[in-house]
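Subject: Structure handover

Hello,

Please find the structure below. Have it open while you read the notes that come after it.

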Amino acid sequence: MKFEHETDAAAAHIQKVLRYCPTTGLLFWKATAGRAKAGAEAGNLTHHGYRRVGVLGRYFLAHRIAWLLCTGRWPVGLLDHRDQDKLNNRFENLREGDKSLNALNVSAPRADTCTGLPGVGWVKARRAYRARLCVNGERKTLGYWPTAQEAHEAYAAAKTAIAAWNQ
């Protein structure tokens, strides 16, 4: 997935006006222009908790800019924050992925879950708790367990194995 405004021209301009600090993962303006002051941290927070930077009349997500400044290219797909911290844009915390990988890297359960545990649901017909996750857009059932905790442990183990495979 590439955003339409992530062009080669935008990349060249961003490389001229922004500096990336790999230690902190922060972006800074290289020169004063308009409201941007040289040396000041670039960007502001979105209502989703990500940092974004306004350049060329468009907003770019800071983690995508960090990737660009470290690799010299825009990310091919989605970027996932390994530690789930949306503001930790250090390069080693970012990885290219897809919706499936991104969905695996969540700690909170869905709002409509009856168990309060991610990846676990009650299956009335089996009178058991089912563990399942989504891999490459396809739901995979991991099995059925007598307790929600056992099902959650199976889900967590599978999630860890898949995340390790994708690193």
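Residues are numbered from 1 along each chain as its sequence is written, and side-chain values use heavy atoms, with hydrogens and water left out.

Confidence and layout

pLDDT is the predictor's confidence in each residue, from 0 to 100. The protein chain has a mean pLDDT of 87. In that chain, 85% of the residues reach 70 or more. Helix H3 (residues 99–104) has the lowest mean among the elements, at 54. Strand S2 (residues 26–29) has the highest, at 98. Where pLDDT is low, the predicted coordinates should not be read in detail.

The protein chain has four helices and ten strands. Both are DSSP runs numbered from the N terminus: helices are H or I with at least four residues, strands are E with at least two. From the N terminus, the order is α-β-β-β-β-β-α-β-β-α-β-β-β-α.

The chain has 167 residues, and 35% of them are buried. Buried means under 20% relative accessible area, exposed means over 50%, and partly exposed is in between (1.4 Å probe, protein chains only). Of the contacts with a separation of 6 or more, 38% join residues 24 or more positions apart. A contact means heavy atoms within 4.5 Å.

S3 pairs with strand S4 (residues 51–55) over two bridges. Two strands pair if DSSP finds at least two bridges between them. Leu45 stands opposite Arg51 in S4.

Seven of the ten residues of H2 are buried, so the helix is largely enclosed by the rest of the structure. Among them are Ala62, Ile65 and Leu68. Gly72 follows H2 and has a positive phi, near 85°.

Rings and charges

How many aromatic pairs does the structure hold? There are three. Rings of Phe, Tyr and Trp (its six-membered ring) pair if their centres lie within 6.5 Å; planes under 30 degrees apart are stacked, over 60 edge-to-face, the rest tilted.

Trp67 and Phe91 have ring centres 5.0 Å apart and planes at 40°, so this pair is tilted. Trp67 is in helix H2 (residues 62–71), and Phe91 is in the loop between strand S6 (78–81) and strand S7 (94–97), so the pair ties together parts 24 residues apart in sequence. Trp67 is buried, at 8% relative accessibility. Phe91 is partly exposed, at 30%.

Trp122 and Tyr129 form an edge-to-face pair, 4.8 Å centre to centre, with 65° between the planes. Trp122 is partly exposed at 38%, and Tyr129 is partly exposed at 22%.

Two arginines also deserve a look. Arg52 lies over the face of Tyr59, 3.6 Å from the ring centre. Arg126 lies over the face of Tyr144, at 4.0 Å. A charge sits over a ring if NZ of Lys or CZ of Arg is within 6 Å of the ring centre and within 35 degrees of the ring normal.

Best wishes

Methods: This is a predicted model: local features need pLDDT of at least 70, side-chain atom pairs count only at pLDDT 80 or more; totals for chains, interfaces and linings use all residues.
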